[in-house]
Amino acid sequence: MSETADKELSESARKLFAGPIEFLKSAPELKFLPDQDAPEIAFAGRSNVGKSSLLNALTNRKTLARTSNTPGRTQELNFFDVGQPVQLRLVDMPGYGFADAPKDLVKRWRNLVNNYLRGRSALKRALVLVDSRHGLKEVDREMMQMLDDAAISYHLVLTKGDKVKPSALGTLYETTLVEAAKHPAAHPSIFTTSSETGSGIAELRTAILEAATS
Ligand code: GDP
């Protein structure tokens, strides 16, 4: 992309995310999914990875996405409309990787997420969030595998970048890049963000708009 087109896209993304953003609906089962009338970008990650904080930072809201990652709580996909008329839809997927989650809960999570990923032509990209303090864990690799199998292109996003030293963040970035390269559906660009300082947020907004419109 040329530098001018790049600047235009990031300006459009800034404006879009500064405009109207509304909660659309929750889908605890597939039959409650909204019509596929807008491109969707889905957010995945272990519980406590900073997914709600990232959604709030991206949308400049304090409480758009609420922390809802209590084991046993109803698991659902939450849809948020960005723009009016809607230009794209953010999808907050239920967190995974609870230390002692009951087996049936894990099974329900897998069914809901897998069925959504596999049958959704509106889904343009997923973001797999990874805590910068911990790096990729086995459960993240399973999520990546599910996306590879469903052929959904995804970006890895290193969250809470402010919590680790820049040198450690640089090393993590490099090792994560190497691992991403082994996954067929992993996008070669990885993002580093902090919902606390706002670093990387504008870049991620631009990538979301680009994925939704490409
Ligand atoms: P979720 O369970 O993935 O939705 O995670 P939350 O967004 O609720 O965040 C989990 C915890 O990490 C909360 O205490 C947040 O305040 C904290 N947190 C989230 N993002 C950041 C960040 O970018 N920097 C810092 N320092 N803390 C963060």
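What follows is a set of questions on the labels, each answered from its definition.

Author: This is a predicted model, in which local features need pLDDT of at least 70, side-chain atom pairs count only at pLDDT 80 or more, and totals for chains, interfaces and linings use all residues. Residues are numbered from 1 along each chain as its sequence is written, and side-chain values use heavy atoms, with hydrogens and water left out.

Reader: How many helices and strands are there, and what makes a run of residues count as one?

Author: The protein has 6 helices and 7 strands. Helices are DSSP runs of H or I with at least four residues, strands are runs of E with at least two, and both are numbered from the N terminus. The order from the N terminus is α-β-β-α-β-β-α-β-α-β-α-β-α.

Reader: How do you know what radius of gyration a compact globule would have, and what does the protein have?

Author: The rule is 2.2 Å times the number of residues to the power 0.38, and the radius is taken over C-alpha atoms. For 214 residues a compact globule would come near 17 Å; the protein has 16 Å, so the value agrees. Along the principal axes, the C-alpha atoms fill a box of roughly 50 × 45 × 35 Å.

Reader: Why is strand S4 called mostly covered?

Author: Buried means under 20% relative accessible area, exposed means over 50%, and partly exposed lies in between (1.4 Å probe, protein chains only). In S4 (residues 88-92), 5 of its 5 residues are buried. Leu88, Leu90 and Asp92 are buried on one side, and Arg89 and Val91 on the other. For the protein, 50% of the 214 residues count as buried.

Reader: What makes two strands a pair, and in which sense does S4 pair with S2 and with S3?

Author: Two strands pair if DSSP finds at least two bridges between them. S2 (residues 40-45) and S4 have 4 bridges in the parallel sense, with Glu40 opposite Arg89. S3 (residues 77-82) and S4 have 5 bridges in the antiparallel sense, and Asn78 has Asp92 as its bridge partner. S3 and S4 therefore both meet the criterion as partners. They form a hairpin with 5 residues between them, where Gly83 in the turn has a positive phi of about 90 degrees. S2 is also joined to S5 (residues 123-131) by 6 bridges, in parallel; there, Gly45 is the bridge partner of Leu129.

Reader: Why do S1 and S7 stand at the edges of the sheet?

Author: The open sheet has 7 strands in the order S1-S3-S4-S2-S5-S6-S7, with mixed pairing. S1 (21-27) and S7 (191-192) each have a single partner strand, so one side of each is left without a neighbour in the sheet.

Reader: Why is Thr192 called partly exposed, and what is it in contact with?

Author: Thr192, found in strand S7, has a relative accessible area of 24%, so it is partly exposed. Contact means heavy atoms within 4.5 Å. Leaving aside neighbours within four places in sequence, Thr192 is in contact with Leu158, Leu169, Tyr173, Ser199 and Gly200.

Reader: What makes Glu174 buried, exposed or partly exposed?

Author: Glu174 lies in helix H5 (residues 166-180). The relative accessible area of Glu174 is 47%, so the label is partly exposed.
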